[in-house]
Amino acid sequence: MIESEAQDFVNRFAAAWATRDSNAFIAIWHADGRLHSPFNSRIVEGRELGKLNELLSAQVPHLTWTLLSWTWRGDVVVVEWENSNRYGDRTLRWRGVDKFTLRDGRVVEEVVYVDTAPMQAMRAGQPVVPLVQLADSLI
């Protein structure tokens, strides 16, 4: 894959998120592609992406997705993003990275890398507590 092909994929992926159009997501996936994400209870197949998008749109209607950066090598595109969502009167922001393996410009595998701890804590009604407590200054 050359840079313009990678850029085209990133543009189509960002546009799918901007419109949250199920058909736009389906168009960038092979039907037998596989989505690995810590947000889902199982691997999602490409043919299911439209339904997954509809489910997310219904369950988290205020979810936003913002492209931060991307890179590529060979048939792999890596996208860094930021999400936000309103939960009552709070807005939570988190960042992650998606690694896509493409064939013919469409996804055959996506792996989502993201820390879900803040969302898990919020769901449990607990504060987010860092694993490492630091003094105000390390020097």
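Here are some friendly notes on the structure above, point by point.

1. Before you start: this is a predicted model, in which local features need pLDDT of at least 70, side-chain atom pairs count only at pLDDT 80 or more, and totals for chains, interfaces and linings use all residues. Residues are numbered from 1 along each chain as its sequence is written, and side-chain values use heavy atoms, with hydrogens and water left out.

2. Let's begin with the largest pocket, which holds about 1,000 Å³ of space. A pocket here is an open set of points on a 1 Å grid over the protein atoms alone, where a 1.4 Å probe fits and protein lies on both sides within 12 Å along at least five of seven lines. Its volume is the space filled by probe spheres set on the points, which are joined across faces, edges and corners.

3. Which residues lie nearest the centre of the largest pocket? They are Ser37, Phe39, Asn40, Leu56 and Val60, out of 37 lining residues (those with an atom within 4 Å of a point). Helix α3 gives the most to this lining, with seven residues; helices (H or I, at least four residues) and strands (E, at least two) are DSSP runs, numbered from the N terminus.

4. Buried means under 20% relative accessible area, exposed over 50%, and partly exposed in between (1.4 Å probe, protein chains only). This core has 27 residues, and among those touching the most other members are Phe9, Phe13, Trp81 and Trp94. The largest share, six residues, comes from α1.

5. Leaving out residues up to four places away in sequence, Trp94 touches Phe39, Leu63, Trp81, Glu82, Asn83, Ser84, Asn85, Tyr87, Val114 and Met119, where contact means heavy atoms within 4.5 Å.

6. Is His30 buried or exposed? His30, in strand β1, is buried, with a relative accessible area of 10%. Beyond residues up to four places away in sequence, His30 touches Gly46, Arg47, Arg103, Arg106, Val107 and Val108.

7. Finally, two backbone angles deserve a look. Most residues other than glycine have a negative phi. Arg20, in the loop between α1 and α2 (22–27), has a positive phi near 50° and is buried, at 17% relative accessible area. Asp104, in the loop between β5 and β6, has a positive phi near 55°, but is exposed, at 69%.

Terms used. A nonpolar core is a set of buried Ala, Val, Leu, Ile, Met, Phe, Trp, Tyr and Cys residues joined through side-chain atoms within 4.5 Å.
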